[in-house]
Structures are given as structure tokens and as C-alpha cells.
Amino acid sequence: MTIMNRRRILGAGLGLGAALALGACGRESGDTGILRVGALGKVSALQRDPHANLSNESDFLIASLVYDPLTVPGADPTVQPRLASAWSADPDQRRWVFTLAEGAKFHDGSPVTADDVVWSLRRLREIGGESKMPVARPEDIAADGPGRVVVSAAAPNTQIPLLVRLMTFTVKQGTTDFSAAVGSGPFRLESYRQGNARLVRNDTWHGPRPRLEAIEVTMFDSVDAMSNAVLGGQIDLASNVGAIAGRTAAGRGDLQMIRRPDDTAVAIAMRTADGPFADPRVRTALRLAADRDALVAQAFSGFGTVANDILGTGDPQYAKDIPQRRRDLDRARALLAEARFDTGATYQLFTKEEAPGEAESAKLFATQAREIGVNLEVVVQESGTFYDRTWLHAPLYTVNWGTNDSVLFYASKLMVSGSNRNETAFADREFDAATATALGSADPAADARAGRTVQQIQHERGGYLVWGMADGIDIASSRVRDLPTLGGFGRVQLERVWLT
């Protein structure tokens with residue numbers, strides 16, 4: 001077995017003990033406080049099963065504090081231990097062994113065993129599919145002694161520890177009723193009612209002792225309602241409230257605004273297999289039509305950064321040397337003429353009000369595209385309709401993605417020709433080969449070269465127009481300390497938060 005060191009994200013061989021010792025340094029006395037957290041959700045979408053699709057952020061927040069996943073997001077490295085204290089792979093990068101943390105117990109006092117983890121991961125694979133548990137079959141997950149779990153990938157894959165972050169929630173073997181929510185996480189469920197929950201500190205957690213006595217989760221069905229609650233002092237923390245509420249909080253001494261960079265990629269997916277945008281010259285023309293600075297300034301109210309048509313801007317191996325694409329209307333018009341693009345027709349650009357600024361960006365881009373002769377009709381859909389009818393099928397639509405710290409995650413999940421979530425119907429043999437090489441390489445230099453090729457192809461002829469990265473904007477009481485600053489769903493890691 002060899003300990004992997006790709007991007008340092010897999011350098012967890014030091015074990016959980018050292019990490020916990022570091023995390024435990026500092027404040028150890030005066031532990032107190034109840035944190036009141038607001039999270040978005042709808043009663044119609046409530047879900048208690050941690051292995052199901054947790055579309056409510058309130059449900060996901062609760063699950064992430066009550067149940068332990070194998071790994072969680074980190075800053076550097078981007079994968080940190082949780083229930084798994086260390087992991088390693090064989091030379092082929094297919095057989096991954098996860099060592100479980102010593103002393104891990106469920107909230108009822110029973111020990112967490114490898115059999116519990118195997119049962120949970122197999123159930124996750126059955127319910128959530130390969131996108132949530134990256135193995136071909138549930139049987140590819142097995143115990144290897146009392147404290148070790150083996151995950152066998154169908155193909156070489158250096159990304160396994162990253163792919164299981166904040167997804168692999170462990171429950172007791174055989175559990176199908178989750179009303180009691182018996183997990184092994186840093187907090188245990190005391191009460192739950194219609195998406196609202198009270199979680200109390202788990203004093204026997206195997207990780208650093210949480211500072212808070214309790215976390216009270218209140219579900220809100222809109223960002224406006226949640227923003228008003230934190231501005232009015234009814235809650236202490238509201239995540240992803242957007243720029244307007246953030247600016248309001250920034251001017252008040254009793255509140256703080258937290259900006260989490262690289263939080264959400266907002267992009268336009270252009271279908272490459274057929275239709276009006278199949279010609280790569282047309283796709284390049286649309287990219288050249290985008291005024292990225294204006295999109296960031298208006299759609300994100302300036303709380304974001306310009307992107308360069310590559311997903312994975314938070315990746316330590318993101319290719320910053322690829323020149324930033326800038327607006328060039330003359331070149332865009334010339335490319336459309338070369339491709340004989342029909343500028344007399346009107347094309348639909350589908351969008352949804354899901355990520356902050358997503359629908360607004362579609363309308364603004366439609367205005368910008370008219371300057372090169374491309375007429376776009378923006379169609380705003382409900383999320384349910386969008387995913388049922390538009391996603392994976394329409395020629396042109398907006399998308400948004402969080403946890404934007406792995407180029408290869410997006411390449412393997414969204415762009416290789418065999419993916420069942422290939423949003424742009426992209427099929428490129430050179431891209432597929434480079435992705436496979438990068439995923440299977442134990443040589444950092446070869447990995448870097450292949451990863452660079454993946455990004456260059458995506459930039460030159462891929463199906464995405466990735467114009468900007470939105471900051472995550474959270475508002476909190478000035479009393480709240482050590483809030484997460486990672487982009488994406490790292491914001492739910494509240495176990496180290498404390499109150500003054």
C-alpha cells in the first residue's frame with residue numbers, strides 16, 4: 001500500500017490524532033452558548049434519510065452535524081479526516097483503504113464498526129448511485145478487519161477521498177428509520193419538527209470537543225425571510241443570503257459579513273453534440289461576447305471574481321497560466337460568420353432562480369450577446385421543471401456548481417463522454433484520455449501535465465461558458481467566532497464555532 005500525496009489532499013496518513021491535537025489547542029475553558037442558525041428549506045422537500053437527496057439545506061446541515069462522513073472539505077489540503085483517520089491506495093489507485101478513527105461511538109454509546117460503515121456506504125451507493133459513492137457495485141465496498149474499510153474503484157481514481165467528502169454519512173447497520181437520527185457526529189439530535197431542530201453537544205465525540213452547548217436550526221423558505229431574521233436578531237447565523245443583505249450587515253457593529261471566495265460557479269452550458277452551438281467556433285464566439293467584469297459587478301453585486309471557462313477555480317492545480325479570455329466583439333462576429341451561424345433566428349436561454357445572481361446573469365448575457373448578433377430569449381423555469389425537462393437536453397441553459405476545488409471532479413463527472421451528467425454532451429477522445437491519465441497517475445508530474453491538458457481542452461473547445469465565481473455571503477452576530485470560510489458546502493462545518 002502507498003500513501004497518496006496528490007495535491008496534498010491525500011496526505012492524511014499523519015492520522016487523525018495529530019490533526020485533533022492541533023485542533024484542540026487554544027480555548028478549552030468557558031465552553032458555553034447556543035447558536036441559532038437559519039437555513040433554507042421547504043416543507044414539501046423535508047428529508048430525514050441521510051443517504052437520500054437532501055435538497056433542503058436545513059436537512060443537509062442537520063445531517064452533517066449529526067452523522068460522520070469519512071472525510072470533510074479542507075483548505076489546504078482540500079480533504080481532511082473525519083470518521084476516517086487516514087487512507088491509502090494501492091499502486092494502481094483502485095483499491096482504497098480507509099482507517100476509522102479510534103474511539104468513534106454512536107450517540108447511543110455503541111462503537112462504530114467497519115460493518116456499520118460498509119452497510120452505510122453500500123446503502124448510499126444503492127440509493128444515490130455512483131455519483132454519490134464512486135464504485136461500480138455496492139459489493140465493491142468491504143470491511144478489512146475491525147477498523148478498516150476498502151473501497152474498490154472500477155478504474156484508477158486518485159480522487160476517491162475527495163469524492164466521499166460530506167456524503168458518506170455513517171449510520172448503524174440495518175437502520176431504515178431515521179427519526180431518532182442516531183449518528184456519531186459532534187452533535188446529537190434532541191428534537192425535530194418540520195425542518196426545525198435542536199442539536200446538543202456530543203461530549204463523547206471522537207473529534208475535538210465542540211465549543212457550543214447546542215445548535216438550534218430554523219428553516220426558512222426564502223432568503224429574504226432568513227436575512228430579515230438575522231438582521232432583526234432572531235437568529236445568529238444565516239448562510240448564502242446574498243450581496244444586498246451582506247452590504248446591510250457590513251454597516252452594523254452588531255453583525256459581521258463573512259465572504260467565502262470560490263463558493264459557486266455560475267455558468268452557461270452549451271450543447272456540443274448537435275444543435276446551434278455544436279460548432280466550437282460558435283461557442284468561442286459566445287465566450288468572447290461575455291463582458292465578465294460587468295456580469296460579476298451586476299449579477300454578483302461585485303461579490304465575486306471573473307472566471308476563465310474552466311470549472312475548478314479553487315483547485316491548487318488550476319491552470320492560472322492559461323490566458324484570461326477577454327471580450328472581443330469583432331473576433332466573435334468573425335467566428336459566427338465563419339461558422340455560418342444563423343443570426344436571424346432567436347434561441348432560448350433557459351435559467352432558474354437557484355443560485356444568487358443566476359437568473360440575473362442570464363438576462364444580462366442575453367443583452368451582451370445581441371452585440372454580436374445573437375438573439376437570446378431568456379426563459380426562467382421553476383427548478384423542478386428545469387431538472388425534469390431542460391437539464392442535459394436543452395441547447396443552452398445556465399448551471400451552478402459549488403465545492404469548486406477540483407478540476408478533475410468536474411471533468412470526470414460532467415465532461416467525459418461516458419458521464420450520465422454530461423451537461424454539454426461533450427465527447428472528446430483527447431479530453432477523455434487526459435482525464436483518465438490524471439485520475440490514475442501516482443506521479444505528480446504526469447498528473448499535473450494531464451490536468452493541464454484537461455483544462456486547456458475545456459478552455460478551447462469545451463461546452464461551458466464559465467464567466468464568474470460568486471462569493472458565499474453569510475451574516476452572523478458579532479458574537480460568533482471561527483465560522484467556516486470555505487466555499488461550497490464547507491459552510492455547514494460548525495463544530496468549531498463558539499460564542500463570545
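How many salt bridges does the rule find across the interface of domain 1 and domain 2? The rule finds two salt bridges there, a salt bridge being a side-chain nitrogen of Lys or Arg within 4 Å of a carboxyl oxygen of Asp or Glu. The model is predicted, so that local features need pLDDT of at least 70 and side-chain atom pairs count only at pLDDT 80 or more, while totals for chains, interfaces and linings use all residues. Residues are numbered from 1 along each chain as its sequence is written, and side-chain values use heavy atoms, with hydrogens and water left out.

The domain assignment of the chain gives domain 1 (30-67 + 185-236 + 479-499), domain 2 (68-172) and domain 3 (262-471); such bounds come from an automatic or database domain assignment. Between the C-alpha centres of domain 1 and domain 2 the distance is 23 Å. In this pair, 24 residues of domain 1 are in contact with 22 residues of domain 2, contact meaning heavy atoms within 4.5 Å. The two domains bury about 1,800 Å² between them, and carbon and sulfur atoms give 57% of this area. Buried area is the accessible area (1.4 Å probe) that two parts lose on being put together, summed over both. Of the area that domain 1 buries against domain 2, 42% is supplied by H51, Y67 and H206, more than by any other three residues.

A salt bridge joins the side chains of R123 and D49, at 2.7 Å from N to O. On the side of domain 1 that touches domain 2, α2 (57-66) and β8 (187-193) each supply at least two residues. Helices (H or I, at least four residues) and strands (E, at least two) are DSSP runs, numbered from the N terminus. The greatest contribution to this side of domain 1 comes from α2, with four residues. By residue class, the side of domain 1 that touches domain 2 comprises 13 nonpolar, eight polar and three charged residues. In this scheme Ala, Val, Leu, Ile, Met, Phe, Trp, Tyr, Cys and Pro count as nonpolar, Asp, Glu, Lys and Arg as charged, and the others, Gly among them, as polar.

Helix α2 is largely enclosed by the rest of the structure, because 10 of its 10 residues are buried. Buried means under 20% relative accessible area, exposed over 50%, and partly exposed in between (1.4 Å probe, protein chains only). The cover over the buried residues of α2 includes β1 (34-40), β8, β9 (196-201) and β10 (214-220).
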